[in-house]
Amino acid sequence: MDQGSAAIAARMNRLPLTPTLRRVIVTVGLALFFDMFEIFMSGVLGAVLAEEYQLGRTEVSAVMASVFVGMFIGVLAMGRLAHRLGRRRALLLAVAVYTVFSALGAVGDEVWMVVGARFLAGLGIGPVLPLADAYLGDLLPSRSRGRYTAWAYTIAFTGVPAVGLLARWLEPMDPLGLAGWRWLFLTGAAGGLSVLLLRHRLVESPRWLASVGRTAEAEAVLARLEAESGDRAGPSAAARPAGTEVAPDRRPAAVVRTRLSPVHRRRVAMLAVFHLLQAFGGYGFGTMAPLVLADKGYSIVNSLLFSAVTFVGYPLGSLLSVPLMERVERKHLIVATSLAMAGSGLLFGFARGEPMIIISGLCFTAVTNVFSNAYHVYQAEIFPTAARVSAVSWTYSLSRLTTAAMPFIMVPFLAAHGPGALFAGVALTLIAIAVNIGVLGPTTNGLALEEMNEALARPPAGTRLKVPGAPGDGKGDGKRVRDPR
């Protein structure tokens, strides 16, 4: 990391929450809202279309899996493009693709047309989560990175009860002659369009601009943020004059290969295992809940109602995470909540009465979103700027692969063994997650991104690392950190 990039990073960490950053948080939260809306629409569509078209288990699984296959491919493709395009442009491109194909899904007359439209919409909406994580991680100051990201996800997770309540309201109706489920597609498309109309609220990440040699542009964005905050530190002494920018590295795969230290490669492996498993816990509940309730004997309308009520726990849990994100080490928060999810998921699986179904479902969804917010911040902050989007996208894509496979595994398993056994299996994956993160994960709270990453280039194992600002480095007060391997 050159001195100009280091100075830009230091100035960004000093920023308060400026009006521009507030607008970024809200706009990214809105984009994430429709990501959640699309993900949790899978369970609703599986239950509704199974009844409307008399689908078999394999066809229901195909409807549910199609969007996740698209997401998997979309995440991989956009992860490679994002280093060239930048955080902002990549995010807007992903939302645009989703908007077009979500609208097309509303007019499909055959099941295969719905499946195809959802696959293509998934190509767009899939990359939004990892792009948002990297974008917010780049922009937000280290002392409050977790808290402000949690606010963006609190906006996002209102999309989960929204899809449940909207489906419950629309299912018995045919507004303007269109089946209720078609309005869910149109709602997603309208939401994507609203994000595109708000694109002027988004600024490019100065960290990314500096990492690809566009220092003058990075300085311009940073100067705007500093002016809003009343802090006019001015360009860094090491900044390059306009017109002398270094040519950007346009080989994202090579960036990951050459710039990740052994520490970061181990983090990639840890996160890959995490994402292979976490889809069965977090998204497994949301997509399977309507089918589980139908298996318990409730009608499609009642199962949608119960799902909508329990889905209220998603934004409530996200809101609960806001004060916890900076007070509790994020690694420990992920471990604790994954174990709590295992316990409440078992209660939901074996619950019979309506009160216990609702209470256990609310508990599961609330804890899920403390877990989710913690890991979304965590996965973006443990990689260096040049490789952040690529590393997060590649590992996160694995969760989309397992989510796509999930209906083909969980729907037949539910039919054969019932909801209790299904959630016992989910609980085992959550316990494995807790062990994986607890043993291999580094601690991150309050540390600058550069302190956790660029400072760990290739140090000998177990050595103590000096970071800018540490005692004895001639740059003021600071601290030493131990290589977290």
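**Figure 1. Cavities in the predicted model.** Four cavities of 30 Å³ or more turn up when the whole structure is searched. The model is a predicted one. This view shows the second largest cavity, with a volume of about 40 Å³. Its lining consists of Asp 133, Leu 136, Gly 137, Arg 145, Thr 149, His 376, Val 377, Ala 380 and Glu 381.

**Figure 2. Helices around the second largest cavity.** Three helices, α6 (128–139), α7 (145–157) and α17 (354–381), each give at least two residues to the lining of this cavity. Helix α17 supplies the largest share, four residues. By residue type, the lining splits into three nonpolar, three polar and three charged residues.

Figure 3. Arg 330 and Glu 381 form a salt bridge through their side chains, at 2.8 Å from N to O. Are the two partners buried or exposed? Arg 330 counts as buried because its relative accessibility is 0%. Glu 381 is also buried, having a relative accessible area of 1%.

**Figure 4. The salt bridge between Arg 23 and Glu 228.** The structure holds eleven salt bridges, and the pair shown here is one of them, formed by Arg 23 with Glu 228. The closest N and O atoms of the pair are 3.9 Å apart. Arg 23 is in helix α2 (residues 19–53) while Glu 228 is in helix α11 (residues 215–229), so the pair ties together parts that lie 205 residues apart in sequence. Side chains of opposite charge can pair when their charged atoms come close. Arg 23 has a relative accessible area of 31% and is therefore partly exposed. Glu 228 is likewise partly exposed, at 30% relative accessibility.

**Figure 5. The salt bridge between Glu 217 and Arg 214.** A salt bridge links Glu 217 to Arg 214, and the closest N and O atoms are 2.8 Å apart. Glu 217 counts as partly exposed because its relative accessibility is 38%. Arg 214, at 25% relative accessibility, is partly exposed as well.

**Figure 6. A nonpolar patch on the surface.** Which residues form the nonpolar patch on the surface? They are Leu 339, Leu 428, Ile 431, Val 435, Val 439 and Leu 440, with about 580 Å² of accessible area together. Helix α18 (residues 388–440) provides the largest share of the patch, five residues. Ile 431 is located in helix α18. With a relative accessibility of 40%, Ile 431 counts as partly exposed.

**Figure 7. Gly 191 and Ala 31.** Gly 191 sits in helix α9 (residues 180–197). Its relative accessibility of 4% means that Gly 191 counts as buried. Between Gly 191 and Ala 31 there are 7.9 Å in space, C-alpha to C-alpha, although the two are 160 residues apart in sequence.

Figure 8. Leu 139 is buried, with 0% relative accessible area. A separation of 8.7 Å lies between the C-alpha atoms of Leu 139 and Glu 204, which are 65 residues apart along the chain.

Figure 9. Where is Thr 385 found? Thr 385 lies in the loop between α17 and α18. At 5% relative accessibility, this residue counts as buried, since buried means under 20%. Thr 385 is 64 residues from Leu 449 in sequence, and the two are 8.2 Å apart in space, C-alpha to C-alpha.

Notes:
Residues numbered from 1 in each chain as written. Predicted model: local features only at pLDDT ≥ 70, side-chain atom pairs only at ≥ 80, totals over all residues. Heavy atoms only, no water. 1 Å grid on protein atoms, 1.4 Å probe; cavity = no way out; pocket = protein on both sides within 12 Å on 5 of 7 lines; lining within 4 Å. Points joined across faces, edges and corners; volume = space filled by probe spheres on them. Nonpolar A, V, L, I, M, F, W, Y, C, P; charged D, E, K, R; others polar. Patch = residues over 30% accessible without salt bridge, like charges linked within 9 Å, V, L, I, M, F, W, Y side chains within 5 Å. Areas by Shrake-Rupley, 256 points an atom, 1.4 Å probe, with all protein chains shown as cover. Salt bridge = Lys/Arg side-chain N within 4 Å of Asp/Glu carboxyl O. Buried < 20%, exposed > 50% of the residue type's maximum accessible area, 1.4 Å probe, protein only.
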